[in-house]
Amino acid sequence: MELEDIYRQDLSLLIALQILVEECSVTQAAKRLHLSQSATSRILARLREMLNDPLFTRVGQKLVPTQFALDCYSQLQQPTGQLIELLTPKEFNPSECQQKFTIAATDYAMQALVPFVLPEIYSKAPNIKLEVIPVQHRELQSQLSQQGADLAICRAIGQTLQLSQEFLGKVGVSCLLSPEHPLADSTLTLADYLHFPHATIAISDGVKALVDSAIVAHPDRNELLRTSHLDSALALLKFHPLIITLPEGMAELAASKHRLRLKPLPFEIPALDYNLFWHSKSERDKAHKWLRQEITVLIRQLLKQ
């Protein structure tokens with residue numbers, strides 16, 4: 001019998017067969033099925049027709065199953081047990097989760113957010129599997145619906161109207177200077193900012209575009225380096241009096257770790273609105289929902305939202 005043929009059968013009759021075998025009584029089976037005795041008798045008649053076997057013989061007040069009925073009962077134990085397990089709602093237990101999730105993230109999120117989120121997640125779900133990949137802002141809809149990403153931590157640059165989202169917080173932009181920089185102990189002015197050579201970090205976050213837009217009326221900066229990763233810019237500090245422009249959370253971490261001077265940007269630009277995005281296909285997945293909630297709470301704490 002093909003799968004399509006099985007679809008056309010009333011498989012609920014097989015559940016009734018199991019109950020009839022267990023009870024050996026139409027009356028008792030009717031009680032368990034919450035049906036009348038006559039309705040249960042009609043079910044037995046349909047079972048006999050579907051399976052082409054008498055299934056039971058009556059001995060006094062008791063139904064005695066045929067060997068075929070007993071064989072059917074035995075074969076049904078495993079699949080119906082699996083169906084019960086499948087259809088019984090379960091509480092999600094992160095400690096037992098072994099699912100794999102792919103998280104698309106910006107340069108900033110990879111370096112300043114994800115490393116602080118992972119320990120808490122793995123402390124609760126030690127067997128979870130995570131892959132962090134670069135976000136594709138302009139293809140975010142496709143990345144989350146077709147390309148296998150489960151979540152995205154980023155700004156809303158491309159089309160996001162068809163995606164579910166949770167606001168995570170706002171991220172500003174700061175500057176870093178080495179302790180030997182001529183302006184290390186001075187207030188950074190716009191004139192200073194335009195005069196010294198630059199490195200721009202976290203380009204996927206749109207930092208360069210925001211900065212360039214804010215100073216478009218001024219001469220171009222001398223941008224020596226544009227990169228996704230801060231370490232590349234730090235390697236140049238011994239050769240150039242760089243001003244490193246980057247998201248403020250990353251700047252604060254680097255200033256503390258590498259003993260650099262943190263300076264506010266000497267002009268106003270809009271803060272970066274960070275969100276967590278996912279496709280509606282994952283909305284009801286319990287593990288996915290748990291991971292979304294964990295990431296949202298942890299990143300909001302980091303961004304002080």
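**View 1. Packing of helix H2 against helix H5 in the predicted model.** Helix H2 (residues 12–23) packs against helix H5 (residues 67–87) at an angle of about 120 degrees, their axes lying 10 Å apart, where axes are lines fitted to C-alpha atoms, for helices over the stretch in contact, and angles run from 0 to 180 degrees between N-to-C directions. That angle makes H2 oblique to H5, given that angles under 35 degrees count as roughly parallel, over 145 as roughly antiparallel, 65 to 115 as roughly perpendicular and the rest as oblique. The crossing of H2 and H5 is left-handed, a term used if the near helix is turned anticlockwise from the far one by less than a right angle. From H2, Leu14, Ile15, Leu17, Gln18, Val21 and Glu22 meet Ala69, Leu70, Cys72, Tyr73, Leu76, Gln77 and Thr80 of H5, contact meaning heavy atoms within 4.5 Å. By class, nine nonpolar, three polar and one charged residues make up this contact of H2 with H5. Helices (H or I, at least four residues) and strands (E, at least two) are DSSP runs, numbered from the N terminus. This is a predicted model, in which local features need pLDDT of at least 70 and side-chain atom pairs count only at pLDDT 80 or more, while totals for chains, interfaces and linings use all residues. Residues are numbered from 1 along each chain as its sequence is written, and side-chain values use heavy atoms, with hydrogens and water left out.

View 2. Strand E1 (residues 56–59) and strand E2 (residues 62–65) run antiparallel and are joined by four bridges, pairing being assigned if DSSP finds at least two bridges between two strands. Phe56 has Pro65 in E2 as its bridge partner. Two residues lie between the strands of this hairpin, and Gly60 in the turn has a positive phi of about 65 degrees.

**View 3. Helix H6 against helix H11.** Helix H6 (residues 107–124) and helix H11 (residues 248–258) pack at an angle of about 65 degrees, with axes 9 Å apart, and H6 passes H11 in a left-handed crossing. Asp107, Tyr108, Gln111, Ala112 and Phe116 of H6 meet Gly249, Met250 and Leu253 of H11.

**View 4. The five-stranded open sheet.** Five strands, with mixed pairing, form an open sheet in the order E4-E3-E5-E12-E6. Strand E4 (129–134) and strand E6 (164–171) stand at the edges, each with a single partner strand, so one side of each is left without a neighbour in the sheet. E6 and strand E12 (residues 272–278) run antiparallel and are joined by seven bridges, with Gly169 standing opposite Tyr274 in E12.

Technical notes: Ala, Val, Leu, Ile, Met, Phe, Trp, Tyr, Cys and Pro count as nonpolar, Asp, Glu, Lys and Arg as charged, and the others, Gly among them, as polar.
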